[in-house]
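The following paragraphs lead through the structure shown below. Please keep the sequence and the coordinates in view while reading.

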There are 2 protein chains.
Amino acid sequence: MPLSSYRAFEPALAFAAESTEKAMDRLLPRGEEGEARLFDAMRYSSLGGGKRLRAFFVLAGATLFKVGAMPALRTASAIEFVHAYSLIHDDLPAMDDDDLRRGKPSCHRQFGEATAILAGDALQALAFEVLAHEATHGDPAVRTTLVTELARAAGAHGMVGGQMLDLLAETQGAPMSIGAITRLQRLKTGALISFSCTAGAILGKAAEPMRTALAAYAHDLGLAFQIVDDLLDVEGDAAALGKATNKDAAAGKATFVSILGIERARAQASLLAQQAATHLEPLGPAADLLKQAAKFVVKRRA
Amino acid sequence: MPLSSYRAFEPALAFAAESTEKAMDRLLPRGEEGEARLFDAMRYSSLGGGKRLRAFFVLAGATLFKVGAMPALRTASAIEFVHAYSLIHDDLPAMDDDDLRRGKPSCHRQFGEATAILAGDALQALAFEVLAHEATHGDPAVRTTLVTELARAAGAHGMVGGQMLDLLAETQGAPMSIGAITRLQRLKTGALISFSCTAGAILGKAAEPMRTALAAYAHDLGLAFQIVDDLLDVEGDAAALGKATNKDAAAGKATFVSILGIERARAQASLLAQQAATHLEPLGPAADLLKQAAKFVVKRRA
């Protein structure tokens, strides 16, 4: 049953997670060679967990433009590999120093720091290898666009740049403005979410207005997602989240919640999610799942 | 003056280093944003040093097939970015824990561990971004081949896999056979050197026998290069090398030298270098610089 046959968001998300997980499993290295420890660490940290929201965005976007399952699943896998690598490196002692991830010991707690660094590095390379392969799309121009967009979303002007800002915010101690926090989050999490939401349009060679609509959706939704993340850090249940809570306050970090307060932050997230959905009007009822995803993002408890 | 007008290896290497350095400088991010510290670390570790042998291989290979300067320099830069990222991560305390690199404090000594991890991550993303850009080649199929080959050379079945084997060799303590060391080195340094030597043939859409000849050259030369690296670790001058020596023996690591002894290791490196040059016979006198490079690799003192 393809994703397009789902009417309700939650089963669609579960389907996206399960099918992407299977695709990732096939794409990840396995073997008995001496370096199998590396493969094990890559599998440990990228399989068996996570909401797979990014994968859902790719698959839901792809159904809008009649993209086949294989191209969509490979692209979703590549993005999830980058997301997994970023979590491994973020959790390292020199970074956020987290012992727990998705309810399990973080990669460096399980495999040691050196293996964790290498597993992250290899997952990043794997993501680009998957996108560049002809099985991802018959047209090499589409594949180079995917590689370019992922590299930008993940690199110094995207995710890694945002992570740098986040580290500096912790160590420098100067209070951040709401504008500075917004920019940080657009880089750290927004760039990869934006690529996830527009990848289907790239694969389907969609007309520019369609891609723009999805980019606008991603823009608002990414920010709503992050505000909710901050709320969950204050209000959430560590067991349900599978990671520690109250980390931001303990680190003295300015967040949307510390600046806006809980009520205004929640109102702002709801507003952004509604606004995200309205950007999809030109796409008609075919975009219903993505509209529901916006609601889910603000209602989620983990 | 293009590289093809050089007759002698050493000025040609200097030219390749200088022109690639300029290209890298243009491709690296710079700015005054909050995350500028990340850009600074990326520049610190990738500019201003190194022999740029990999860049030379790309440029010399490219001249054989009349590839333009821009595609060759962008490809050379991408490979040097990956090489630089691997050195940053290798030097981390959790890995080889090196304080010195190219005669300067290593990246984490200069910028801190967190920034060093991120700078390596961002350099890897930048490498793929550069290759996928249309300025690297007009034909997107060529660009996807470059991305695929770099991802394989750098990933779990290439450089990172070799680095994993290297770490395990240090910690497990079981003596390695010459076959196991050879495999480790083919992954750790050989894969990226092979891609460097064949990238020009990919850019120039060279006939298969030409690409095979260059791959065979790279295969032997890569191993010769690594044997000499082991020799320099025993016999070299730390000041000239810009890094610490006698690290392998101190770590109790099996190397070509610890197994073969100095004399046999040196003889083996010379033999491999000669053999590397003979693979280039089908390419005629145009390949003279690459043949000289094989001699240089075994004679180098740093």
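At what angle do helix 8 of chain A and helix 9 of chain A pack, and how far apart are their axes? The angle is about 145°, and the axes of helix 8 and helix 9 (residues 178–203) of chain A lie 7 Å apart. Axes here are lines fitted to C-alpha atoms, for helices over the stretch in contact, and angles run from 0 to 180 degrees between N-to-C directions. Helices (H or I, at least four residues) are DSSP runs numbered from the N terminus.

This is a predicted model, in which local features need pLDDT of at least 70 and side-chain atom pairs count only at pLDDT 80 or more, while totals for chains, interfaces and linings use all residues. Residues are numbered from 1 along each chain as its sequence is written, and chains are lettered from A and ligands numbered from 1 in the order in which they are written. Chain A averages a pLDDT (the predictor's confidence in each residue, from 0 to 100) of 93, and 98% of the residues score at least 70. For the complex, the predictor gives an ipTM of 0.95 and a pTM of 0.95.

In the packing of helix 8 against helix 9 of chain A, residues including G162(A), L165(A) and A169(A) of helix 8 meet residues of helix 9 that include L184(A), K188(A) and A191(A). Two residues are in contact if their C-beta atoms, placed from the backbone, lie within 7 Å.

The contact between the chains draws 44 residues from chain A and 44 residues from chain B. On the side of chain A that touches chain B, helix 2 (36–46), helix 6 (113–132), helix 7 (140–154) and helix 8 (159–172) each supply at least two residues. Helix 6 of chain A gives the largest share, 13 residues.

Helix 8 of chain B has 14 residues, of which 11 are buried, so this helix is largely enclosed by the rest of the structure. A residue is buried if 20 or more other C-beta atoms, placed from the backbone, lie within 10 Å of its own. The cover over these buried residues includes helix 2 and helix 6 of chain A, together with helix 4 (69–91), helix 7 (140–154) and helix 9 (178–203) of chain B.

Within helix 7 of chain B lies V147(B). V147(B) counts as buried because 30 C-beta neighbours fall inside 10 Å. Leaving aside residues up to four places away in sequence, V147(B) touches F128(A), A132(A) and V147(A), as well as F128(B), L131(B) and A132(B).

Conventions. A residue is buried if 20 or more other C-beta atoms lie within 10 Å of its own, exposed if 12 or fewer, and partly exposed in between; C-beta atoms are placed from the backbone.
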